[in-house]
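I begin with the backbone and then turn to the core, a helix and the pockets.

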Amino acid sequence: MILNFIAFSKALYSTWIYYSPERILFDAGEGVATMLSNKIYAVKHVFLTHGHVDHIAGLWSIINTRNNAMGDREKPLTVYYPEGNRGIEMYADFLKRSNSELRFELKFVPVKHGEKIFLRNSGSFVRYVQPFAVNHTYSEVSFGYHVIDVRKRLKEEYKNLPTQVISKLARELGSDGITESYEKKILTVSGDTILLKKEDVMDTEILFHECTFMKKEDRKFNNHASLDEVIELVKDSNVKTLVLYHISSRYVRGLERAIKKINIPNTNIMFVHPEKIFEF
């Protein structure tokens, strides 16, 4: 079995998600380099959702490990973050000053809501990351991220034609003549947020949504999501796999039992246990 994700997330302490097909690390909480071990050299892109310490503290160990260990120290690393996030900007400045003699190229790149950061753009295969604004705290800019494929499908007027007819039209009109491009969300990562919008989760194949609280009554401030809210959001959203993460450790004892009770038709439900490495 090929693992696409390795993750750890314990609310308040540390959160990171490694998406191996594109060598992306979403957030970089404390301990990420230790837990990923040699896989840390494979990371090419880091996408930070916001500047809270449990999401960025691991950057220092990533940079130090890649610079000093015996792995491949020359691979470039690009860290993307919400433009205008002062906490991340100050930390990035500190990291660059503290590691002035790097053996690899390190870039910090601010990104905007709706911007497209292309991972692959060969013409026949286009995939990009798109940041989108989320509501977390009033004091800083926070983003979630989509990974989006640009795919092709038959135009509506040709969908119900026999295969032989479609083949004939393809020879006459060419592939571009009978197909149209469309965008497919293959992955959505919420970051810390009160709750994503319906349009943000609609039709995504895999959704990582934060779920700090099992009950919204346990929440004191409107900056994190609860289980009942996430479940209601995902219903009728055509999400194939929902992964709940950023769960508070207060729920460890009854967590598995509570999530097993959830049933969303046509949606596979998984969760990142706050004390265990998640692999999928």
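1. Arg 23 is placed in the loop between E2 and strand E3 (24-26), where helices (H or I, at least four residues) and strands (E, at least two) are DSSP runs numbered from the N terminus. Although Arg 23 is not a glycine, its phi is positive, at about 55 degrees. With a relative accessible area of 31%, Arg 23 is partly exposed; buried means under 20% relative accessible area, exposed over 50%, and partly exposed in between (1.4 Å probe, protein chains only).

2. On provenance, this is a predicted model, in which local features need pLDDT of at least 70 and side-chain atom pairs count only at pLDDT 80 or more, while totals for chains, interfaces and linings use all residues. Residues are numbered from 1 along each chain as its sequence is written, and side-chain values use heavy atoms, with hydrogens and water left out.

3. Ser 37, in the loop between H1 and strand E4 (45-47), is another residue other than glycine with a positive phi, near 55 degrees. Its relative accessible area of 41% makes Ser 37 partly exposed.

4. The largest nonpolar core has 28 residues, and those with the most contacts inside it are Leu 25, Leu 48 and Leu 59; such a core is a set of buried Ala, Val, Leu, Ile, Met, Phe, Trp, Tyr and Cys residues joined through side-chain atoms within 4.5 Å. Elements that each supply at least two residues of this core include strand E1 (5-10), helix H3 (59-68) and helix H4 (86-98), and H4 gives the most, with 4 residues. Not counting residues up to four places away in sequence, Leu 59 touches Ala 28, Val 46, Leu 48, Val 79, Tyr 91, Leu 95 and Phe 108, contact meaning heavy atoms within 4.5 Å.

5. The buried residues are Leu 227, Glu 229, Val 230, Ile 231, Leu 233 and Val 234, and they pack against helix H7 (198-201), E11 and strand E12 (241-245). H8 is followed by Asp 236, whose phi is positive, near 60 degrees.

6. The largest pocket has a volume of about 380 Å³. Of the 20 residues that line this pocket, Ala 11, Leu 12, Thr 212, Phe 213 and His 224 are the closest to its centre. A pocket here is an open set of points on a 1 Å grid over the protein atoms alone, where a 1.4 Å probe fits, with protein on both sides within 12 Å along at least five of seven lines; lining residues have an atom within 4 Å of a point. Grid points are joined across faces, edges and corners, and a volume is the space filled by probe spheres set on the points.

7. Thr 212 lies in the loop between strand E11 (206-210) and helix H8 (227-234) and, at 5% relative accessibility, counts as buried. The side chain of Thr 212 makes a polar contact with the side chain of His 246 (2.9 Å); this term denotes a pair of N or O atoms within 3.5 Å, of which, within protein, one must be able to donate a hydrogen and the other to accept it, and residues adjacent in sequence count only if both atoms are side-chain atoms.
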